[in-house]
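User: I have a protein model to read. Please help me see what the labels mean.

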Amino acid sequence: MKILQIAPAWVDTPPKDHGGTEWVVANLTVGLTSLGHDVTLFATGNSKIEGRLQYIYKKSFLDQDIAWSMTLPAVIHYFEAFKNASKYDVVHAHLSSETDMVILPFLAELTQKHIPNIMTVHSRWPFDRHSATDEMFLKLYADKILAVNISASMHKTLPKQFKDGGFVYPSR
């Protein structure tokens, strides 16, 4: 199976010193590859992973001193990541920060094009703590997205608009 894993670009995958989401993505990518799947990781160029690595940014956003509130770099990262999604059997994107919410329209579009996809949520809702944008994203896109959480506790905060994929604890 050809799988596209899309990691956030805030931290390299796996991380040098922090970044739980990136550890989960790295371990999942290694595990799927060891099972014989053809896995491509879209992350940062400094990511260290066996197999195929694609990226638009060589260095992570934090290594470039890009503020967490900066959305445009994330939009560019995700636009480039999703551009070739139709070449894969399944696309797996990971949501961990407010700016990563930009993946929702991309995932919804994949569903409309009948391209299998899933989103793993690595944090608690709400994501947007500064405006009402979460509600707009949920209204427009959530019903088209299968969402999985990384814990039962986080799963309790998952908005009901999403297709509920349950929760899976990450390996250690």
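Analyst: Here are some labels and the values behind them. The model is predicted, so local features need pLDDT of at least 70 and side-chain atom pairs count only at pLDDT 80 or more, while totals for chains, interfaces and linings use all residues. Residues are numbered from 1 along each chain as its sequence is written, and side-chain values use heavy atoms, with hydrogens and water left out.

User: Why is Ile-56 called partly exposed?

Analyst: Its relative accessibility is 41%. Buried means under 20%, exposed over 50%, and partly exposed in between (1.4 Å probe, protein chains only). Therefore Ile-56 counts as partly exposed. Ile-56 is in the loop between strand E3 (52-55) and H2.

User: Which residues of helix H2 are buried?

Analyst: In H2 (residues 72-82) they are Pro-73, Ala-74, His-77, Tyr-78, Ala-81 and Phe-82.

User: What puts them on the same side of H2?

Analyst: They cover an arc of only 150° around the axis, so they lie on the same side of H2. The arc is that of the directions from the helix axis to the C-beta atoms.

User: What makes a nonpolar core, and which residues touch the most other members of the largest one?

Analyst: A core is a set of buried Ala, Val, Leu, Ile, Met, Phe, Trp, Tyr and Cys residues joined through side-chain atoms within 4.5 Å. The largest has 37 residues, and Phe-82, Met-119 and Phe-162 touch the most other members. H3 gives the largest share, five residues.

Conventions:
Helices (H or I, at least four residues) and strands (E, at least two) are DSSP runs, numbered from the N terminus.
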